[in-house]
Amino acid sequence: SKKDSQGICFLGDMRINQFLDYYIDANPGPILNAEGRCVGEHSGLHRYTLGQRRGIGIPSNSDHDFYVVTKIDVANNTLHVAFEGPDAPGLYGTVFNVGELIFQSEPVREPCTLQAKPRYRDPMQKINFQPTGQDTARITFHERQRAIAPGQIIALYDGDKLLGGGSYLMN
């Protein structure tokens, strides 16, 4: 009878940021916009995800433009943002590397066209599947996808039949 949630159920009434504060030290750094200008300071990259719009902590100073996270640069401790839209650098893509592939039965070893669910609740999408190793592949979506992040899961289908899945890697 509880409302559906994508939160972390084992935390109970504790908010995710309280949990993170307890286990991970804050490591502030710059927030850069699409032009490379510093527009604020983040409180630790572990608090953000690609495509995030809320909770970034910087105003857009516009009624109809909203900042979204477009890149998390761990090496330089920098958060990159841009205004939401199809031209936001790094927010949309078609080609992704996938690893940790596991198949229900026979692995797909040849290039082919399949269907995929890019994330849990997304509709089925047409893809070109190109194996690149024992448990890796390059996936090319026929339509651009928004905010695909490393570690997210992709499910692979042949029609209605689930073939297997894997997780997105850093491109």
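Is Glu-84 buried, partly exposed or exposed? At 32% relative accessibility, Glu-84 counts as partly exposed, where buried means under 20% relative accessible area, exposed over 50%, and partly exposed in between (1.4 Å probe, protein chains only). Everything below comes from a predicted model, in which local features need pLDDT of at least 70 and side-chain atom pairs count only at pLDDT 80 or more, while totals for chains, interfaces and linings use all residues. Residues are numbered from 1 along each chain as its sequence is written, and side-chain values use heavy atoms, with hydrogens and water left out.

**Figure 1. The whole chain, for orientation.**
The chain has one helix and ten strands; helices (H or I, at least four residues) and strands (E, at least two) are DSSP runs, numbered from the N terminus. Reading from the N terminus, the order is α-β-β-β-β-β-β-β-β-β-β. Along the principal axes, the C-alpha atoms fill a box of roughly 50 × 40 × 30 Å. Of the 171 residues, 37% count as buried.

**Figure 2. The salt bridge between Arg-146 and Glu-84.**
Back to the residue we opened with: Glu-84 pairs with Arg-146, and the closest N and O atoms are 2.8 Å apart. A salt bridge here is a side-chain nitrogen of Lys or Arg within 4 Å of a carboxyl oxygen of Asp or Glu. Arg-146 sits in strand β8 (residues 137-146) and Glu-84 in the loop between β4 (78-83) and β5, so the pair ties together parts that are 62 residues apart in sequence. Arg-146 is partly exposed, with a relative accessible area of 27%.

**Figure 3. The salt bridge between Asp-21 and Arg-47.**
Three salt bridges turn up in a search of the whole structure. In the one shown here, Asp-21 meets Arg-47, with 2.0 Å between the closest N and O atoms. Asp-21 belongs to helix α1 and Arg-47 to the loop between β2 (38-42) and β3, so this pair ties together parts that are 26 residues apart in sequence. Asp-21 is partly exposed, at a relative accessible area of 45%.

**Figure 4. The salt bridge between Asp-122 and Arg-119.**
The side chains of Asp-122 and Arg-119 come together at 2.9 Å, N to O. Arg-119 has 24% relative accessibility and counts as partly exposed.

**Figure 5. A nonpolar surface patch at Tyr-22, Tyr-23 and Ile-24.**
Patches are made of residues with over 30% relative accessible area and no salt bridge, with like charges joined within 9 Å and nonpolar side chains (Val, Leu, Ile, Met, Phe, Trp, Tyr) within 5 Å. Tyr-23 belongs to helix α1 (residues 16-23). With 58% relative accessibility, Tyr-23 counts as exposed.

**Figure 6. The largest pocket and its lining.**
The volume of the largest pocket is about 480 Å³. Of its 21 lining residues, Leu-50, Ile-148, Ala-149, Pro-150 and Met-170 are the closest to the centre. On a 1 Å grid over the protein atoms alone, a pocket is an open set of points where a 1.4 Å probe fits, with protein on both sides within 12 Å along at least five of seven lines, and lining residues have an atom within 4 Å of a point. Grid points are joined across faces, edges and corners, and the volume is the space filled by probe spheres set on the points. Strands β3 (67-73) and β5 (92-103) each supply at least two lining residues. By type, the lining divides into 14 nonpolar, six polar and one charged; Ala, Val, Leu, Ile, Met, Phe, Trp, Tyr, Cys and Pro count as nonpolar, Asp, Glu, Lys and Arg as charged, and the others, Gly among them, as polar.

**Figure 7. Two residues in strand β5, Val-98 and Phe-96.**
Val-98 is buried, with a relative accessible area of 1%. From Val-98 to Pro-131 is 33 residues in sequence and 9.3 Å in space, C-alpha to C-alpha. Phe-96 is buried too, at 9%.

**Figure 8. Positive phi at Asn-77 and Ala-147.**
Asn-77, not a glycine, has phi near 50°. Asn-77 lies in the loop between β3 and β4 and counts as buried at 16% relative accessibility. For Ala-147, also not a glycine, phi is about 55°. Ala-147 lies in the loop between β8 and β9 (153-158), and with a relative accessible area of 4%, Ala-147 is buried.

How values were computed. Accessible areas come from the Shrake-Rupley method with a 1.4 Å probe; for residues, only the protein chains shown count as cover.
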